[in-house]
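Biologist: Could you walk me through this one step by step, please? I would like to look at it while we talk.

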Amino acid sequence: VATADAPALSAAKRMVDDPLEFFAGSLTRIEQMDRAELQQLQLEALRARFEALRDRVGTLKKLADRQRVDTIGALDDVVPLLFDHAIYKSYPSRLILDRNFVHLTSWLRRLTMCDLGRVNAAGCESLDEWLAELDAHTELRVAHTSGTSGTISFLPWSVTELETFIGLLAVVFTQEFGDTADWRESAPLEVLFPYFRRGGAMATRQNDATERLIARGPDRFHAVFGGRVSSDVLYLAARMRAATAKGQAHTVEVAPALLARKDELEQLLAAMPQRVDEFLDRQAHELAGKRIWTLATWNMIHQMAASGLQRGHRNVFAPDSVVIAAGGAKGWEPPPGWQDTIRQFFGIEQLHLFYGMSEIALASRRCEHGHYHLSPWIVPFVLDPDTGEALARSGARTGRAAYFDLLAQTRWGGFITGDEVTLHWDEPCPCGRGTVYLDERIARFADKGGGDDKVTCVATAEAHTEALEYLNTFEQA
Amino acid sequence: MTIAASATVVPLVIRGEVIETELIEFGARGDGRPFLAPDPSRFVDRIPLTDPAGLSDLYALSVDEIVDYLVELGNRLEVDTNPHMQSARELSYDAAPTTQPIVDEQYRILPALFRRGGIEEMLAVGIDRACLEGWVPARLVDGRTLSVRAFGSRAVHISAGNGTLGAALAVIRSALTRGDAILKSPSNDPLTAAAIARTMCELDPDHPVTRHVTVAYWRGGDETIERRLYHPQNIEKIVAWGGFASIKHITRYLRPGLELVSFDPKRSASIIDLDALDDDSLDDAARRLATDIGQLNQAACTNARIVFVLTSAPARVDELALRTYRAMQELPEAISTPAKHGLSRELQLNLDAASLSEDFYRVIGGEHGEGALIVSRLPAPVDFADLLDDRVANLVPVATLDDALRFFDTHTQTVGVYPESLRDAVAGPAALHGAQRIVTLGSACVPSFAGPHDAIEPLRRLCRWVVQEKTDATAHQPGYMLA
C-alpha cells in the first residue's frame with residue numbers, strides 16, 4: 001500500500017496541475033479514465049489542495065478552524081468547507097461606493113494565496129482602476145458577476161487557472177469522443193465574440209486566454225466591440241435597477257463622471273443591433289467557410305443568428321465550427337426553433353450546449369443523449385436540499401449540486417451552487433463516455449417555491465426580486 | 001380526486017351563510033397542510049354585492065349598535081370556548097411563520113381588538129364619528145351650507161397572514177364604516193377570517209353587519225375569479241396588504257371607479273443614542289431592543305431589523321449587542337422563541353459569510369436558529385438587510401442622526417427610539433425620509449390601531465365622502481340669476 005500511494009499522488013498532481021499534458025490534449029482520454037482510479041486520484045488531489053490552501057487562504061482557514069476540519073479522509077469530508085455565493089460578496093458594498101479599495105483588497109486577500117503585496121489600492125478611484133491595478137501587479141485576473149441583486153461577487157481566478165481552463169474547454173468542445181488527436185497540435189480557430197473584447201465579467205475575462213490558445217493571435221479574434229466595457233458602469237446600471245425595484249432609486253449615489261459614462265454605454269448598447277449587423281456582414285464575407293469558435297449565452301448567439309439570417313446570411317461557416325450556447329440568461333425563454341435558427345445561420349451540424357459557472361472550471365458539454373458530463377478535475381457532490389448533507393455517491397441522486405474544482409491552485413475550489421440536478425453515479429451513458437453525468441433538466445432553486453399566495457406585511461428580499469424581474473422584463477420589452 | 005378525511009375545511013361564508021360543499025383541495029406550499037375549500041369558481045357570482053344600494057340595511061343601525069355588535073362578537077372569539085377559532089389556531093401552527101407558543105398568544109389576544117375602549121378610540125381618533133352618524137354641516141363664507149357624511153364602500157380585503165389580526169381589523173373597519181367586506185384569505189392564514197365570519201353567523205345570521213361580511217379562499221391571482229370580481233360594478237375598493245407578488249395581479253383590474261388602498265410591505269428600524277446611556281440604561285435599552293427584534297419572531301413589519309446606534313465609541317456597540325442577544329434568549333416564549341425551522345438558507349449563508357469577514361462584521365449567535373446580532377464595523381447596514389428574519393438584526397454604528405436617516409425610505413414603517421430625549425430630534429426628519437411611526441423602543445410590535453397606519457387613515461380611506469351643498473339664494477346667486 002505504501003508503494004502504491006506514492007505514484008498515485010504524483011499522477012493526481014499531474015492531473016490537476018497540468019491536465020492538458022496529463023490527458024495528452026484528448027477528449028477521449030478525459031472521458032475514458034477508470035472510475036476507481038479516478039476516485040483515488042480525485043481524493044489525493046483534493047487532499048493536496050486542502051493541505052496547500054487550508055492555512056494560506058484566510059477565509060478557508062477560519063471556516064476549517066470553526067468546523068474543526070484538519071484532514072480529508074474521504075471526498076465527502078470537504079462538504080462542510082464548500083464556499084457559497086455569499087462568501088464571494090461578503091464585503092460591505094459601501095467599500096466600492098466609498099472607493100475604499102484598500103479595504104476591498106484586504107478582503108480579497110483572504111480569498112486567495114496570490115501575493116497582493118505590490119498592489120497600490122490607495123491610488124484607485126474606480127473599480128476599473130482597481131481591477132487594472134490587480135492585473136498589473138498580481139497573478140490574479142479577478143472576474144466579477146453582474147450584480148443583478150445590487151451586490152457583485154469577486155472571483156479571484158489566477159491567470160494560470162484561466163489558461164488551463166480555456167485549454168480544457170477547447171479540448172472538450174473542439175474534439176469528438178473517440179478522436180485520438182492532441183488538441184495542442186490542432187489548427188487555430190477564428191473566434192467570434194458578440195460583445196466587448198475586454199471586461200471584468202467572466203465571459204470577457206476568458207478572452208485573453210481564448211485569443212492566445214484558441215485563436216492563437218489577435219488577428220483571429222473578432223469581437224463586436226474592440227474595447228473594454230467598464231465594470232463601474234455595469235455595476236452602476238445594476239445598482240440603479242436594484243434600487244429602482246426597491247423604490248430607493250433616489251438613494252443611489254453616483255459620481256457625475258460615472259453617470260456620463262453610463263449614458264455612453266447606453267448609447268453604445270442601443271447601437272448594438274446595428275453594430276452586430278455590420279459585424280455579421282463583415283465576418284460572413286471574410287470568414288465564410290472557415291471553422292469558427294463562438295461561446296456566449298444562448299440568447300446572444302440566437303440574436304446574432306436571427307439577425308444574420310434576416311440579412312440573408314445562411315450556412316456561413318464550416319460545418320464543424322464550434323458554437324457553444326451557455327445557459328443562464330435570466331428570464332429569457334428560448335423561442336421555439338431557436339436551435340435551428342442558430343444551426344442555419346452558422347451552417348453547423350451540431351450546436352453545443354454548455355453547463356458551467358463563473359466560480360469554477362466546470363465546462364460540461366451535453367452529449368448526444370442529453371447528458372451533461374462532468375470532467376475528471378471536477379469532484380461533484382449532490383447535497384440534500386434541506387440538510388446540506390452529501391447524498392450517497394451511488395445510483396441516481398437528485399439534490400443541490402456542489403463541486404470541487406481541482407484545478408483551482410490559488411483559491412479554494414469548493415463551491416455550492418443554486419442548481420437542482422440529478423446526477424447518475426453508476427449507470428453508463430449510452431454515448432460511451434466514462435464520466436458521471438447530469439440529467440438535462442437543471443433547475444434553479446431560486447425559481448422554485450414562488451407564488452404561494454402567502455401575504456405578509458414585511459418587505460422581504462423576495463418581494464424586491466420579483467419587482468426587479470418585472471423591471472427587467474419591462475426594459476427588455 | 002381523493003380527499004384526505006382529516007384535511008381541514010375552510011368554509012366559504014357569504015353574508016350569513018356558511019357553505020361547505022363543492023370542496024376542492026388547495027395545497028399550501030412549503031409550510032402548512034393542504035386544506036379543502038368550496039370551489040370558488042362555482043360561487044364567484046354570489047360573492048359580490050352587485051347592488052350598491054344593498055348597503056342600506058346598515059343605515060338602520062346607529063354607530064353605537066354596530067359597536068355593541070362588535071363587542072359581543074369579540075366576547076365570542078375567545079379561543080378557549082370557540083371551536084372555530086381553535087381550528088384556525090390549529091391550522092396556523094403549520095401555516096404561520098411563527099412557533100406554537102406565539103400563535104397561541106396571537107389567538108389569545110385577538111378578542112382584545114374588539115373591546116369597547118379600543119373601538120371607541122378608533123372612532124375618536126381615526127375618523128370623525130359624527131360623519132358616520134349623519135350629515136355634518138358647515139357654513140361657508142359664500143353663504144352655502146356644506147354637509148359631509150361618510151358612506152361605506154364595497155371592498156375586497158386582502159390581508160396579511162403573518163399575524164392573525166388582519167382579518168379582525170378588516171371586519172371591524174368595514175363594520176364601523178358601514179361597508180360590505182369581502183375577505184380573501186391568504187394561504188399562510190387560511191382559516192382565521194372564516195372562523196370570525198362563522199362566529200358572526202352564530203351570533204346573528206340576519207344582522208346587517210353579518211350580512212355584509214363574506215370570506216372566501218381562492219388562489220391569489222386566479223384570473224377566473226378575479227376578472228369577474230374586480231370590477232367597479234361589484235366593488236369600489238381593494239384593500240391589499242403585501243408585496244409585489246400579491247399586488248401586481250391586482251393592478252391590471254384597476255380603472256376609474258375601482259381604487260387600490262395598498263398597505264405596502266414595510267420594514268422597521270431603531271435609533272439608540274448610545275453615548276447618552278449609562279450602564280443601567282444600557283441594560284434597559286438592550287431589553288427593549290430585544291423585544292422589538294424578537295416579538296413574533298420578527299415576522300412582522302413592525303419588528304426592528306436595522307438598529308442605528310449613535311455613538312462616538314463604536315466598541316460599546318458590541319456591549320449593547322451582547323446584552324441584547326442575552327435579553328433575546330430570555331424573552332417569554334409567548335413573545336418570542338428560537339426560529340420555527342432554523343434560519344432561511346439564504347440568510348444563514350450570508351450570516352456565516354459575514355462571520356468570516358471579521359474586518360467588517362462581528363456576529364453574535366446565529367449558530368442554531370436562536371437569533372443573532374450582526375455588528376457592522378462600517379456605518380452601513382449589511383447588504384442582505386432584506387433577508388433579516390427570525391430574530392437576526394444588524395447594529396450599525398453611526399456618528400450622526402443624518403448618517404442613519406439616509407437609509408430610511410418609503411418602506412421604513414416603525415422607528416423605535418431610545419432614550420426618549422432623542423425623540424424630538426428624530427420624529428420630523430425621520431418622517432421626511434419616509435418613516436411612518438415613531439415609538440418608544442420596546443413597544444414597536446404592540447401598535448395601536450386607533451391612529452393612522454402606514455401613513456394612511458384606514459377608516460377614512462374606506463369611506464366614500466359624500467357632500468351636500470345647500471345654497472341660499474340671498475347669499476349665493478346661481479348662474480341663471482346673473483343673466
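Modeller: Here are a few questions about the chains, strands and spaces, each with an answer.

Modeller: This is a predicted model, in which local features need pLDDT of at least 70 and side-chain atom pairs count only at pLDDT 80 or more, while totals for chains, interfaces and linings use all residues. Residues are numbered from 1 along each chain as its sequence is written, chains are lettered from A and ligands numbered from 1 in the order in which they are written, and side-chain values use heavy atoms, with hydrogens and water left out.

Biologist: How many helices and strands does chain A have, and what is its radius of gyration?

Modeller: Helices (H or I, at least four residues) and strands (E, at least two) are DSSP runs, numbered from the N terminus. Chain A has 17 helices and 14 strands. The radius of gyration is taken over C-alpha atoms, and the globule rule is 2.2 Å times the number of residues to the power 0.38. For 477 residues that rule gives 23 Å, so chain A is as compact as a globular protein of that length, with a radius of gyration of 23 Å.

Biologist: What share of the residues in chain A is buried?

Modeller: Buried means under 20% relative accessible area, exposed over 50%, and partly exposed in between (1.4 Å probe, protein chains only). Chain A has 477 residues, and the buried share is 55%.

Biologist: Which strands stand at the edges of the open sheet of 3 strands in chain B?

Modeller: Two strands pair if DSSP finds at least two bridges between them. In this sheet of chain B the order is β1-β5-β4, with mixed pairing. Each edge strand has a single partner, so one side of each is left without a neighbour in the sheet: these are β1 (8-9) and β4 (23-26) of chain B.

Biologist: Which residue is the bridge partner of T8(B) in β5(B)?

Modeller: Strands of a sheet pair through backbone hydrogen bonds, either parallel or antiparallel. β1(B) and β5(B) (residues 35-38) run parallel and are joined by 2 bridges. In β5(B), T8(B) is partnered by F35(B).

Biologist: How many residues of β17(B) are buried, and which residue there is the bridge partner of F308(B)?

Modeller: In β17(B) (residues 392-398), 7 of 7 residues are buried. Both faces are covered, with V392(B) among the buried residues on one side and A393(B) among those on the other. β17(B) pairs in the parallel sense with β14(B) (residues 304-310) over 5 bridges, and also with β16(B) (residues 372-376) over 4 bridges. The partner of F308(B) is V396(B).

Biologist: Which residue in the turn between β6(B) and β7(B) has a positive phi?

Modeller: β6(B) (residues 136-139) and β7(B) (residues 145-151) pair in the antiparallel sense over 4 bridges. They form a hairpin with 5 residues between them, and the residue with a positive phi, about 100°, is G143(B).

Biologist: Which element gives the largest share of the lining of the largest cavity?

Modeller: On a 1 Å grid over the protein atoms alone, a cavity is a set of points where a 1.4 Å probe fits but cannot get out, and lining residues have an atom within 4 Å of a point. The largest cavity is lined by 13 residues, with H157(B) and R173(B) among those nearest its centre. Elements giving two or more residues include β11 (237-241) and β12 (259-263) of chain B. The largest share, 4 residues, comes from α7(B).

Technical notes:
On a 1 Å grid over the protein atoms alone, a cavity is a set of points where a 1.4 Å probe fits but cannot get out, and a pocket is an open set with protein on both sides within 12 Å along at least five of seven lines; lining residues have an atom within 4 Å of a point.
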